[in-house]
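Please have a look at the sequence and the model below before reading on. The paragraphs after it go through the structure step by step.

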Amino acid sequence: MKDFDPIESLANMRHEFGEHGGVNMSIETSTTFTVMDAETMPAIFQGNRGPEDGGCYLYGRHFNPTVYVLGKQVASLEGAETGYCTASGMSAISATVLQLCGCGDHIVSSDTVYGGTFALFKEYLPAKAGLDVTFVDMTDPARVEAAFTNKTRLLYVETMSNPTLRVPDIPRLAKIAHDRGAKLVVDNTFCPVIVSPVHLGADIVVHSLTKFINGASDIVAGAVCGSTEFVTSLMDLHMGSLMLLGPTMDPRVAFNISSRLPHLGLRMVEHSRRAMIFAERVRNLGVPVIYPGLDEHPDHALLTRLANDGYGLGGIFCVDLGTTARAQQFMESLQNRGRFGFMAVSLGYFDTLMSCSASSTSSELSDEEQRRAGILPGLVRVSIGYTGALEQRWEQFEQALREVGAVGAKV
Ligand code: PLP
């Protein structure tokens, strides 16, 4: 499983020169594309010509050359055949699910997914599209198997559950899905370059590019990676979820994100390095901490087996401060006095982002659903940044933990 290196894979991709031989690709802003002979246009509409068949483009909501290059770059990072990019992570997820499932079909989903995905699966898709979704604990393969029905079309997981940081056994889940004729879809937003789900057997990887891949918290975007057949189906003029629902990425945005991919590997290494050091030190203070890099994390051995060598085990850890009030006081102290990061949702920014998951990004789950998923009220999710000197940042963090009485407290 260790023979894939996402950064090497990206570097081996064909270099896309710009017009006039520019070292960067050009940004194709046109919303419509000409053909050199009239016969080509009906051929494009019939699906017989396209970007892969003679470099034919049609319209800006269909394939755009710049967005397609970014899609292929993200796909090469993932070891997937191809990919395409979308206006947001949620649109990548919803288009993928709607492409694979029709009215009456069934999805088996992890019970601990991003709150927006949870609401989409629990409320929106059943009400609007007649889909049936069963939520299960993905760390229990027997329950996953038992949840399948003859209508199950897809199994959906996140590489690292949000915010509990549990890790599913992707190769095992792929086998369970494939044995039952279903696809395994993995949201790899938390672990780009660290884990390569397609390489481990997943059929489709979705991303919120808004997070680590972009890295600057200034763009909302998404990606779908998989087989050429699947990605092409998303653009089908009659039944394509991207073509018909239209969550189009602007080519200028695609260019912007593309220029941040070359340093993604370096950024992930530093996010992971700092997360590991902080998690160890928090643990040594006796404060409960969740980080899959720690030996005592229940999925440490599994993640070590699944992860690519050299990028660490992720840039996110969670600290349990026992109560919501203490968690809020802790974040306020760090942001407003320590100038240590921000009290804000999202993750993967170069600075630290902190949020109390139970009352923010997981608030779509009921109290009972949160309890079952292990989302505790005082749990602070920390997406650790790499600004500032590490020792300066740690001093601020430790001081805030002491101020709120977390050190030595029984939570
Ligand atoms: N997947 C995960 C794991 C997320 O954390 C998020 C957003 O927080 C999304 C998907 C949705 O992405 P976006 O906000 O880009 O639509």
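What follows covers the domains, the nonpolar core, the ligand site and the cysteines.

The model is a predicted one. Its protein chain is assigned two parts: domain 1, residues 6-262, and domain 2, residues 263-403.

Next comes the interior. In soluble globular proteins, nonpolar side chains tend to be buried together. In this model the largest nonpolar core has 123 residues. Within that core, the residues that touch the most other members are L184, L209, F317, F330, F397 and L401. Both domains contribute to the core, with at least three residues from domain 1 (6-262) and at least three from domain 2 (263-403). Leaving aside residues up to four places away in sequence, L209 touches L70, V74, C85, N214, A221, G222, A223, M249 and I257.

The ligand is the next stop. It is surrounded by 14 residues, and the closest of them are M90, D187, S208, T210 and K211. Which atoms of D187 and the ligand come within 2.6 Å of each other? On the ligand the atom is a nitrogen, and on D187 it is an N or O atom of the side chain. S208 and T210 face oxygen atoms of the ligand instead: a polar side-chain atom of S208 is 2.8 Å from one, and a polar side-chain atom of T210 is 2.6 Å from one. Taken alone, the ligand exposes 390 Å², and the protein buries 90% of that area.

How many disulfides does a search of the whole structure find? It finds zero. A disulfide needs two cysteine sulfur atoms within 2.5 Å. The closest cysteine sulfur to that of C103 belongs to C101 and is 11 Å away, so the two are too far apart for a bond. C356 is in no disulfide either, as the nearest cysteine sulfur, in C318, is 10 Å away. Is each of these cysteines buried or exposed? C103 is exposed, at a relative accessible area of 69%, whereas C356 is buried, at 5%.

Conventions: Residues numbered from 1 in each chain as written. Predicted model: local features only at pLDDT ≥ 70, side-chain atom pairs only at ≥ 80, totals over all residues. Heavy atoms only, no water. Buried < 20%, exposed > 50% of the residue type's maximum accessible area, 1.4 Å probe, protein only. Core = buried A, V, L, I, M, F, W, Y, C linked by side-chain atoms within 4.5 Å. Domains from an automatic or database assignment. Contact = heavy atoms within 4.5 Å. Near = heavy atom within 4 Å. Polar contact = N/O pair within 3.5 Å; in protein donor to acceptor, adjacent residues only side chain to side chain. Areas by Shrake-Rupley, 256 points an atom, 1.4 Å probe, with all protein chains shown as cover.
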